[in-house]
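Please look at the sequence and the structure shown here, and then read the notes that follow, which are grouped by topic.

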Amino acid sequence: MSETARQHGPQTHAPVLAATNITRRFGGLVAINNVSFEVRPGEILGLIGPNGAGKTTMFDLLAGSILPTSGEIRLNGALVSGEAAHLRIGRGLGRTFQIPRPLPNLTLIENVMLAAQGQSGERLLANFLTPWRVAAEEKVAAKKAADLLELVSLTRLAHEPARVLSGGQRKLLELARVMMADPAIILLDEPAAGVNATLLEVIIDRVRDINRSGITFLLIEHNIDMVTRLCHRVLVMASGELLCEGTADEVARDPRVIEAYLGGAA
Ligand SMILES: Nc1ncnc2c1ncn2[C@@H]1O[C@H](COP(=O)(O)OP(=O)(O)OP(=O)(O)O)[C@@H](O)[C@H]1O
């Protein structure tokens, strides 16, 4: 485990997110087979495994894009397995995507502001009856969006349209967008994929900063260097099953993990 991971290890409190006996079938294919795990408050938990292991399907289940065939998902203790994705966002679950798709013609600030939760301006009647409140809320949201863009090192581009961003900058924008909804936990999908080495360092630093501010992460990543540097604990999946868990160093030495990767368990 890296020095940073050791210094900022998780506390042992009730899990932020818990998956219990989750199974998900697609027709005859069992994509997730009776998987259970917990994400502890304050940790960065890695989820790794060969292609087709079931990692993205697990994210889809946790975020509510798809529902499990069986099993339970709890978010801060509340049973959410049957709940729609937007309700889970309201409960503090944020998710980034492997290929972020910001609205290309809106500025970065506007893209981030769109992710604010429950503003009066979203309600037509409030717009009509209390325009001053809507304006005040927008001002607060704009300030928060600007602060978040600063946090992810994108202030310079805040008023540019999102279409000018590189792949790595889109990932940073996605992080700011997710933060706008004040998440307790962020599901981070392959933040290193397609990102150049310099920007990757920025992403690692920003994730670390955000984690130190108290936000928990579950991270899918193929870049083992990033996993080793960031994650307090790592889960390994293969062929829809949870193979093992431990520190990055421990799982890297586990013969079952080596076999899964070398043997093409997917
Ligand atoms: N909507 C779907 N319909 C049918 N099969 C699916 C569907 N989604 C995923 N699968 C299958 O479920 C299995 C797990 O896929 P998943 O995308 O979750 O793996 P992964 O670990 O995220 O892989 P990768 O690292 O390549 O992204 C694969 O065999 C995949 O083909």
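Ile220 is buried in this predicted model, because 23 other C-beta atoms lie within 10 Å of its own, and a residue counts as buried once that number is 20 or more. Ile220 is part of strand S8, which covers residues 216-220.

**Around Ile220**

- Leaving aside residues up to four places away in sequence, Ile220 touches Leu47, Lys55 and Phe59, and it also touches Asp189 and Glu190.
- Between the C-alpha atoms of Ile220 and Glu110 there is a separation of 27 Å, and these two residues are 110 residues apart along the chain.

**Strand S1 and its partners**

- Strand S1, made of residues 17-26, runs antiparallel to strand S2, made of residues 29-39, and seven bridges join the two.
- Within this pairing, Ala18 has Glu38 of S2 as its bridge partner.
- S1 and S2 form a hairpin with two residues between the strands, and in this hairpin Gly27 takes a positive phi near 60°.
- S1 also pairs with strand S4, residues 70-75, again in the antiparallel sense, and this pairing extends over five bridges.

**The shell around the ligand**

- Which residues lie around the ligand? They are Phe26, Leu29, Ala31, Gly49, Asn51, Gly52, Ala53, Gly54, Lys55, Thr56 and Thr57.
- Lys55, which belongs to this shell, is also one of the residues that Ile220 touches.
- Strand S2 and helix H2, which spans 55-63, each supply at least two residues of the shell, and H2 gives the most, with three residues.
- Sorted by class, the shell has six polar residues, four nonpolar residues and one charged residue.

**Confidence in the model**

- The protein chain has a mean pLDDT of 88, and 88% of its residues reach 70 or more.
- Over residues 1-9, however, the pLDDT is below 50, and this stretch has 14 contacts in the model beyond near neighbours in sequence.
- For the model as a whole, the scores are ipTM 0.97 and pTM 0.87.

Key: Residues are numbered from 1 along each chain as its sequence is written. This is a predicted model: local features need pLDDT of at least 70, side-chain atom pairs count only at pLDDT 80 or more; totals for chains, interfaces and linings use all residues. Two strands pair if DSSP finds at least two bridges between them. Helices (H or I, at least four residues) and strands (E, at least two) are DSSP runs, numbered from the N terminus. A residue is buried if 20 or more other C-beta atoms lie within 10 Å of its own, exposed if 12 or fewer, and partly exposed in between; C-beta atoms are placed from the backbone. Two residues are in contact if their C-beta atoms, placed from the backbone, lie within 7 Å. A residue is near a molecule or strand if its C-beta atom, placed from the backbone, lies within 6 Å of it. Ala, Val, Leu, Ile, Met, Phe, Trp, Tyr, Cys and Pro count as nonpolar, Asp, Glu, Lys and Arg as charged, and the others, Gly among them, as polar. pLDDT is the predictor's confidence in each residue, from 0 to 100.
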